[in-house]
Amino acid sequence: MSGISDSFQRPISYLRVSVTDRCNLRCVYCMPPQGISLMPHSDILRYEEILSVVRVAAGMGINRVRLSGGEPLARAGLVDFVRMLAGVREIEDLSLTTNGVLLKGHAAALKEAGLARVNISLDSLKREKFRQITGHDRLPDVMDGISEAERVGFAPIKINVVVMRGINDDELLDFVRLTGEGWNVRFIELMPLLQGGEQPQFVPATEMREIVSSAGRLEPCQPPEGNGPARYYRLPGARGTVGFITPVSDHFCFKCNRLRLTADGKLLPCLLAGAEIDVRSALRAGASPDDIRRLVLEAVAAKPEGHRVRQGEVGQTRPMTQLGG
Ligand code: SAM
Ligand code: SF4
């Protein structure tokens, strides 16, 4: 394995793949109230096309792949696709980010197909609040999905909570209590990505930490698995961890190790910078593995030093459902 680094000496080893822009929820911070225009099906990469990009990237040093969306479990055939990816020798860590609504029915098959880990997004433990945030009354399905994922042996399971002022910031301690039962909870700062309309309000991680600290002393600890951008802590006696992800207040661009592939086949050097490298056109014009390799190198070379969200600049106009989070 060769290994690639960008212009700022950051090793690039992680590819985040959005397999669909479709979703079965409508989270207030992710989908604008007027909805989004969906990509035509013909624009979306076929699984075989994604696989060919992953194979080339894996030969260049990418050893971690995360599937996201939209809602990845809303795309038919995902389990078989996971099996294809699990067969790529260089991929050491294959994971999925899901809203959990369809997880109960798929968890066992995903595990058997070779998925290593699953992160579940869950912004409220209260049924009515969940419905208000997501537009759908599916909290019981998500909770069943989490239980099933635990039952079939996914570990550690991480729960992602996007914290919004006046919406779910009163539930931080309820989530933290669940670390006592082994949950790994990560509180995420809201990124201002919605264009126009009213956006939920951001809560800085410093404030989240203050709230969480009232439950006990936060001991810094190692991540439960993987080496993502969160900082992790443990409350005395808890099996699980509390993490904070701070894309806005304290961004982690200096250790960014990732590229993204959108559902319509664009390689993104950065979630927030806007540059795109068109792999789909190349694939459909008969690109060779060497041609794809050149495009991956182009994406790596285009990685900016950092984003400027804190300065109010978001260079991205795509909705999060196309970016994969
Ligand atoms: N549908 C799946 C899910 O919700 O887990 C996968 C796609 S979703 C875009 C991936 C992650 O991005 C989720 O954890 C979601 O909470 C997060 N996300 C979406 N919009 C966000 C925003 N504006 N700020 C912070 N996180 C966001
Ligand atoms: Fe769908 Fe995930 Fe976006 Fe919520 S955060 S609308 S579940 S893609």
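Helices, taken as H or I runs of at least four residues, and strands, taken as E runs of at least two, are DSSP runs numbered from the N terminus. On that numbering, Leu297 belongs to helix α9, residues 289-301. The model is predicted.

**Ligand 1**

- The shell around ligand 1 has 18 residues, of which Tyr29, Gly70, Thr97, Ser121 and Met191 come nearest.
- By class, this shell splits into six nonpolar, 10 polar and two charged residues.
- Glu71 takes part through its side chain, where an N or O atom is 3.2 Å from a nitrogen atom of the ligand.
- At Thr98, a polar backbone atom is 3.3 Å from an oxygen atom of ligand 1.
- On its own, ligand 1 has 540 Å² of accessible area, and the protein covers 94% of it.
- Strands β5 (93-98) and β7 (158-165) are the elements that give two or more residues to the shell around ligand 1.

**Nonpolar core**

- In soluble globular proteins, nonpolar side chains tend to be buried together.
- The largest nonpolar core here has 98 residues, and those with the most contacts inside it are Val65, Leu67, Leu78, Leu110 and Phe187.
- Helix α1 (residues 47-59) gives the largest share of this core, eight residues.
- Beyond its neighbours within four places in sequence, Phe187 is in contact with Val161, Val163, Leu172, Phe175, Val176, Met208, Val212, Val242, Gly243, Phe244 and Ile245.
- Phe175, one of these contacts of Phe187, lies in helix α6 (residues 172-177).
- Phe175 counts as buried because its relative accessibility is 0%, and the limit for buried is under 20%.
- Apart from residues up to four places away in sequence, Phe175 touches Leu122, Asp123, Ser124, Leu125, Ile159, Val161, Val185 and Phe187.
- Leu122 and Phe175 are 53 residues apart along the chain, with 9.8 Å between their C-alpha atoms.

**Buried polar and charged residues**

- Asn63 sits in the loop between α1 and β4 (64-68).
- With a relative accessible area of 14%, Asn63 is buried.
- Outside the four places on either side in sequence, Asn63 touches Ser13, Glu90, Ile91, Glu92 and Asp93.
- Lys129 is part of helix α4 (residues 127-134).
- Lys129 has 16% relative accessibility and therefore counts as buried, the limit being under 20%.
- Leaving aside neighbours within four places in sequence, the contacts of Lys129 are Ser124, Ile167, Asn168, Asp170 and Glu171.

**Partly exposed residues**

- Leu297 is at 36% relative accessibility and so counts as partly exposed, a class that runs between the 20% limit for buried and the 50% limit for exposed.
- Leu297 touches Ile4 and Met60, with residues up to four places away in sequence not counted.
- A C-alpha separation of 28 Å divides Leu297 from Met191, and the two are 106 residues apart along the chain.
- His136 lies in the loop between α4 and α5 (139-151).
- His136 is partly exposed, at a relative accessible area of 31%.
- Aside from neighbours within four places in sequence, His136 is in contact with Asn24, Leu25, Arg26, Phe130 and Arg131.
- From His136 to Cys27 the C-alpha distance is 9.1 Å, across 109 residues in sequence.

**Backbone features**

- A cis peptide bond, with omega near -10°, runs from Ala155 to Pro156.
- Pro156 is in the loop between α5 and β7.
- Gln9 is a residue other than glycine with a positive phi, near 60°.
- The loop that holds Gln9 lies between β1 (4-5) and β2 (11-12).
- Gln9 counts as exposed because its relative accessibility is 64%, and exposed means over 50%.

How values were computed
Residues are numbered from 1 along each chain as its sequence is written. Chains are lettered from A and ligands numbered from 1 in the order in which they are written. This is a predicted model: local features need pLDDT of at least 70, side-chain atom pairs count only at pLDDT 80 or more; totals for chains, interfaces and linings use all residues. Side-chain values use heavy atoms; hydrogens and water are left out. A residue is near a molecule or strand if one of its heavy atoms lies within 4 Å of it. A polar contact is a pair of N or O atoms within 3.5 Å; within protein, one must be able to donate a hydrogen and the other to accept it, and residues adjacent in sequence count only if both atoms are side-chain atoms. Accessible areas come from the Shrake-Rupley method with a 1.4 Å probe; for residues, only the protein chains shown count as cover. Ala, Val, Leu, Ile, Met, Phe, Trp, Tyr, Cys and Pro count as nonpolar, Asp, Glu, Lys and Arg as charged, and the others, Gly among them, as polar. A nonpolar core is a set of buried Ala, Val, Leu, Ile, Met, Phe, Trp, Tyr and Cys residues joined through side-chain atoms within 4.5 Å. Buried means under 20% relative accessible area, exposed over 50%, partly exposed in between (1.4 Å probe, protein chains only). Contact means heavy atoms within 4.5 Å.
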